[in-house]
Amino acid sequence: MTDALDQLRSMQAADLPVHGGRTLAYVYDSGLPDIDRIGREAVAAYAGSNGLDPTAFPSLLRMETEVVGIVADLLAAPETVVGTVTSGGTESVLLAVQTARDAHPEIDRPRMVLPSTAHAAFHKAAHYFGVEPVLVPVGPDFRADPATMAAAIDDRTVLVVASAPSYAHGVVDPVTAIAAVAAERGVRCHVDACIGGWVLPYASRLGRDVPAWTFAVEGVTSISVDLHKYAYAPKGTSVLLHRTPQLRRPQFFASASWPGYTMLNSTMQSTKSGGPLAGAWAVLTSLGDAGYERLARDVFEAVDRIAAGITDLPALSLAGKPDSTLLALTTDAGCDPFTVCDEMAARGWYVQPQMSYAGAPATIHLSVSAATLPHVTELLAALREAVAAAVASGPVSVDPGVAAFIADLDPRALSDDDFDGLLAAAGLVGEAGPDGDLALPQRMAEVNAMLNLASPAMREALLVAFLDRLTRPRRS
Ligand SMILES: Cc1ncc(COP(=O)(O)O)c(C=O)c1O
């Protein structure tokens with residue numbers, strides 16, 4: 001019988017690599033094997049500990065308060081600040097929205113004002129908590145416009161949001177002006193620094209030009225910062241900070257309305273593994289301030305070299321001037337961005353396709369890691385080849401029959417039969433299995449081009465149907 005761990009290793013070989021600096025989304029790589037080892041061992045040591053009850057596992061409480069303290073220092077937080085370690089950026093965002101909503105039980109149909117570039121986690125929060133998202137268009141530089149945001153605030157607004165930076169374009173919103181208009185109306189202002197919160201303070205320290213966004217900005221009431229991104233911690237930790245304990249109070253949940261233990265939670269989870277928190281604590285403690293400053297130097301050197309290299313490449317340009325470690329690339333007409341992504345994958349690089357949205361064209365996303373620095377020359381060479389190949393193969397066309405099929409579908413009533421029909425029309429049904437297994441093509445450009453044609457609502461419906469198919473159980 002094969003050892004389970006051998007089986008895992010062999011299954012994992014088909015996944016995107018998490019080390020090596022060539023996966024430019026989903027993973028963040030310090031390039032330091034010792035740090036990864038320490039993180040992994042700490043996760044394993046605490047995998048069975050339960051953060052549900054901090055009095056039963058006092059070491060977890062100590063780690064949490066220390067981690068929150070470190071983040072508070074990094075973000076110029078006042079003495080009053082409090083925080084919670086959550087499972088990730090989405091949970092921090094969900095809790096920020098739930099807390100803002102529950103601070104105003106008197107508001108019947110609460111709303112939140114979001115720049116159109118705010119992370120999808122806010123739409124998830126809107127969906128879960130019944131808070132209406134009021135979407136405000138951003139300026140031509142992809143930054144939120146404080147005047148339009150101010151005009152969107154009304155008596156039902158419980159939260160105003162800014163990003164530092166936005167995921168899709170990597171730019172920091174004008175937080176000072178946005179927080180000021182929120183404060184003027186007595187509304188909370190959350191800064192979503194999930195992806196930039198750890199690295200931007202080091203960027204400022206290194207003399208880079210970063211717009212103000214921390215608790216030093218008056219009117220900012222809460223900030224989310226992920227540790228499993230640019231703190232290079234193992235997956236499963238983010239921190240949600242509130243300026244005062246009063247602002248945080250509605251985040252907590254207690255229930256004594258049953259015969260068991262009184263449930264008392266600071267997060268959405270109740271039982272929660274101590275592993276991710278221990279992993280983050282161990283990585284933070286091992287790297288220390290000097291370690292993070294070195295990693296920030298490396299990642300920004302990589303960002304600058306990639307950004308400069310892009311300007312020399314034909315058919316590619318930067319969408320927006322990056323404030324942090326994220327780049328969005330646009331392509332000239334005649335160079336299909338989705339084909340560039342496929343061509344990069346064929347050369348061992350993962351870059352992420354981003355669909356066209358609200359009049360802005362499709363782009364290619366790169367989250368740059370410190371570990372990418374030694375490979376920048378190879379990355380630029382791969383991009384040059386990928387662009388040449390995409391230009392040579394010409395635009396990706398969606399079969400008119402498939403386009404017409406999609407145009408006729410109603411996203412609110414997409415049935416299994418509709419989805420099967422689309423799979424068949426698009427040639428995505430495999431031969432194996434009685435129900436026809438999904439046959440994912442090696443190259444995704446055609447599928448992405450098809451999704452890019454569809455409305456956002458249709459994209460959502462198609463991908464939900466896809467996920468449903470993908471996650472059917474394997475039975476023996
Ligand atoms: C700005 C921002 N907010 C929230 C999130 C959600 O984080 P997670 O994927 O950890 O749930 C992300 C993820 O990339 C992000 O970039």
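The C-alpha centres of domain 1 and domain 2 lie 28 Å apart. Please keep in mind that this is a predicted model. The domain assignment of the protein chain places domain 1 at 33–283, domain 2 at 290–393 and domain 3 at 400–470.

**Where domain 1 meets domain 2**

- On the domain 1 side, 29 residues are in contact with 26 residues of domain 2.
- The size of an interface is often given as the accessible area lost when the parts come together.
- Between them, domain 1 and domain 2 bury about 2200 Å², with 57% of it on carbon and sulfur atoms.
- In domain 1, the residues that lose the most area to domain 2 are Tyr 167, Leu 206 and Arg 208, which together make up 25% of what that side buries.

**Helices H11 and H15**

- Helix H11 covers residues 337–346 and helix H15 covers residues 445–453; they pack at an angle of about 150°, and their axes are 9 Å apart.
- Because of that angle, H11 is roughly antiparallel to H15.
- The crossing of H11 and H15 is right-handed.
- H11 contributes Phe 338, Thr 339 and Asp 342 to the contact, while H15 contributes Ala 445, Asn 448, Ala 449 and Asn 452.
- Sorted by class, the residues in the contact of H11 with H15 are three nonpolar, three polar and one charged.

**Helices H14 and H16**

- Helix H14 (residues 416–425) packs against helix H16 (residues 456–470) at an angle of about 90°, with the axes 11 Å apart.
- The angle is why H14 counts as roughly perpendicular to H16.
- From H14, Asp 416, Phe 419, Asp 420, Leu 422 and Leu 423 meet Leu 462, Ala 465, Phe 466 and Arg 469 of H16.
- The contact of H14 with H16 has six nonpolar and three charged residues, but no polar ones.

**Two backbone details to look for**

- Most residues other than glycine have a negative phi, and most peptide bonds are trans.
- The peptide bond from Ala 164 to Pro 165 is cis, with omega near -10°.
- To find Pro 165, look in the loop between strand E4 (157–163) and helix H7 (175–184).
- Tyr 232, a residue other than glycine, has a positive phi, near 55°.
- The loop that holds Tyr 232 is between strand E6 (222–226) and strand E7 (238–242).

Key: Residues are numbered from 1 along each chain as its sequence is written. This is a predicted model: local features need pLDDT of at least 70, side-chain atom pairs count only at pLDDT 80 or more; totals for chains, interfaces and linings use all residues. Side-chain values use heavy atoms; hydrogens and water are left out. Axes are lines fitted to C-alpha atoms, for helices over the stretch in contact, and angles run from 0 to 180 degrees between N-to-C directions. Helices (H or I, at least four residues) and strands (E, at least two) are DSSP runs, numbered from the N terminus. Angles under 35 degrees count as roughly parallel, over 145 as roughly antiparallel, 65 to 115 as roughly perpendicular and the rest as oblique. A crossing is left-handed if the near helix is turned anticlockwise from the far one by less than a right angle, and right-handed if clockwise. Contact means heavy atoms within 4.5 Å. Ala, Val, Leu, Ile, Met, Phe, Trp, Tyr, Cys and Pro count as nonpolar, Asp, Glu, Lys and Arg as charged, and the others, Gly among them, as polar. Domain bounds come from an automatic or database domain assignment. Buried area is the accessible area (1.4 Å probe) that two parts lose on being put together, summed over both.
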